[in-house]
Amino acid sequence: MSAYGHSGTTDALGPEDPGPDGGDLLAALLDGMDAALCAFDADHVLTHWNREAERVLGWSAAEAVGRRGLAGWAVRPGDAADVEHRLFGVTAERGREVHDVALLTRDGRRVLVRAQTSAVRGPDGEPAGIYCAFSEVHTQIDLERSIALSEALFEDAAWGVVLVDADLRLAVLNAHAAYALGTSRSTALGRPLGDLVLQGVEELESALTHVLADGTPTAPVELWVTVRTDEGEQRRCWRCGFVRLASPLAQEPVPLGVGWLFQDLTEAKQTEQENARLRFRSHQLHRAARVATECEDPAEGAVAHLDFALAGFADHALLDTVAPGSPTRLLRTAASPSGEPGQPLNGAPAGMPARYPEDHPALQCAERGGTLRAAAGTGPGAIAPDRPGGEEAARAWADAHLWPESTRHALCTVLRSRGRTLGVLTFLRVGSRTPFERADLAHAESVAAHIAPLLDLANRR
């Protein structure tokens, strides 16, 4: 038949050889196919049968080539009419047809296959035969499921899905991942992770490199990163899973890259951290109250109470009391050492003035009877600490307020008891700490509410 070069077959496909060069090439091509393939001439005589067909059904090329039709050997007699009608009926149509049919293996088992048939036409345009490529249905279904899963992940998944190549550059990502990284799916392709992840990229690249070298990890990992978005820089917590990708066509596993899936846990982690912080602070207040009750001197109990409150909350603390007869003058009562943060508080000599300037936050706090926050790099003309010259300006800011030079954030809250202002409590944080937030204000006011009655009692004595 003209479509196949000769009416015979090659050694690999049948008992005859159509030619020394073309036949060998045809045999190599057909035997190298992943799909089973067979061909029939116009009289429905089998002319070609490759190795995958032999693997699926068990019939060798020598046993299959030359048979007419499929009845009695590759198809049960009762199924033969229907199967051959569907397979051989393609000669009357243009294009290809796909059918699910039951074939018979050499040992008598039935195998459901998905067959794709197409007519072969001669030079005159008349049907000269057909060829049929088939594979086991479950194999085809597995492939379709894999493709469908891949498309669903990159289109509809509610978590980030990213393919990273062996050079740790973005190859493919879904819409959720693009939004989380603050970019678009098209502009991110081929870019290194460092262009999108501002902080935490070293940990992320280290995890990807480990997966490429050692394979898929046994459990997901949680990473904190900072990304640049339209709303500005954001700190995010991602639970990440990684899988190493290898080519199924290579004889040896050659890594194609890493599949990276992640889910944003920022809100849950922040809630968890906030709950843990509240539990710790409540526990510290409870311990402080118990210690203060054992102090014979109420002023000593106030200092002990403040010492417990300082742990984990701030780096330095100052306790200033109002001078008798002058509510605008503050006297230093206790202070943490000005050296390393977190050291125990020391009582100051009674009557030592604080020497604050007129616009100092502590004085404003005493006058207003509320709580104030202050930070370096804020206000008109101020330079942020992360800007050129900002560090020197921040040290000058701390020095002007008579605070340790490492101070970058301050919180002042008033001490009141029996309707009177008794003093001001100041908490200070260094530059590596986060600014005081609204929840910190509530905690500082709770500490002040415990300390103020002790100072009042000490004054009454």
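In the predicted model, the bridge partner of A115 in strand β5 is F134. Strands β4 and β5 pair in the antiparallel sense over nine bridges. Both belong to an open sheet of five strands, which has the order β2-β1-β5-β4-β3 and antiparallel pairing. Strands β2 and β3 stand at the edges with a single partner strand each, so one side of each has no neighbour in the sheet. On average, and with direction ignored, neighbouring strands of this sheet are turned by 25 degrees against each other.

Two helices are placed against these strands. Helix α4 packs on the sheet and touches β1, β3, β4 and β5; its direction makes about 155 degrees with that of β3. Helix α5 (residues 137-155) lies across β3, β4 and β5 and runs at about 70 degrees to β5.

The largest nonpolar core has 29 residues, and W49, L70, W73 and F134 are those with the most contacts inside it. At least two residues of this core come from each of several elements, including β1 (36-41), α2 (51-57), β4 (110-121) and β5 (127-136). Helix α4 gives the most, with four residues. Neighbours within four places in sequence aside, F134 is in contact with A35, A36, C38, A53, V56, L57, L103, V113, R114 and A115. Another core, of 28 residues, lies apart from the largest one and has V164, L196, V227 and V258 among its members.

Aromatic pairs number ten. One of them is formed by W238 and W260, a tilted pair with 6.0 Å centre to centre and 55 degrees between the planes. This pair links distant parts of the chain, since W238 is in strand β10 (residues 232-246) and W260 in strand β11 (residues 255-264), 22 residues apart. W238 is buried, with a relative accessible area of 1%, and W260 is buried at 0%. The rings of F313 and F436 have centres 5.7 Å apart and planes at 50 degrees, so this pair is tilted. F313 is in the loop between α9 and β12, and F436 in the loop between β17 and α12, 123 residues apart. Both F313 and F436 are buried. Ring pairs also link W49, W59, W73 and F134 into a cluster.

Helix α12 (residues 438-460) has 23 residues, which at 1.5 Å a residue should span 33 Å; its end C-alpha atoms are 33 Å apart, in agreement. Its buried residues include L441, A444, V447, A448, I451 and L455. The buried residues of α12 pack against α8 (266-293), α9 (298-310), β12 (316-323), β15 (371-375), β16 (407-417) and β17 (420-430).

Note on methods:
Residues are numbered from 1 along each chain as its sequence is written. This is a predicted model: local features need pLDDT of at least 70, side-chain atom pairs count only at pLDDT 80 or more; totals for chains, interfaces and linings use all residues. Side-chain values use heavy atoms; hydrogens and water are left out. The expected span of a helix is 1.5 Å times one less than its number of residues. Buried means under 20% relative accessible area, exposed over 50%, partly exposed in between (1.4 Å probe, protein chains only). Contact means heavy atoms within 4.5 Å. A nonpolar core is a set of buried Ala, Val, Leu, Ile, Met, Phe, Trp, Tyr and Cys residues joined through side-chain atoms within 4.5 Å. Two strands pair if DSSP finds at least two bridges between them. Axes are lines fitted to C-alpha atoms, for helices over the stretch in contact, and angles run from 0 to 180 degrees between N-to-C directions. Rings of Phe, Tyr and Trp (its six-membered ring) pair if their centres lie within 6.5 Å; planes under 30 degrees apart count as stacked, over 60 as edge-to-face and the rest as tilted.
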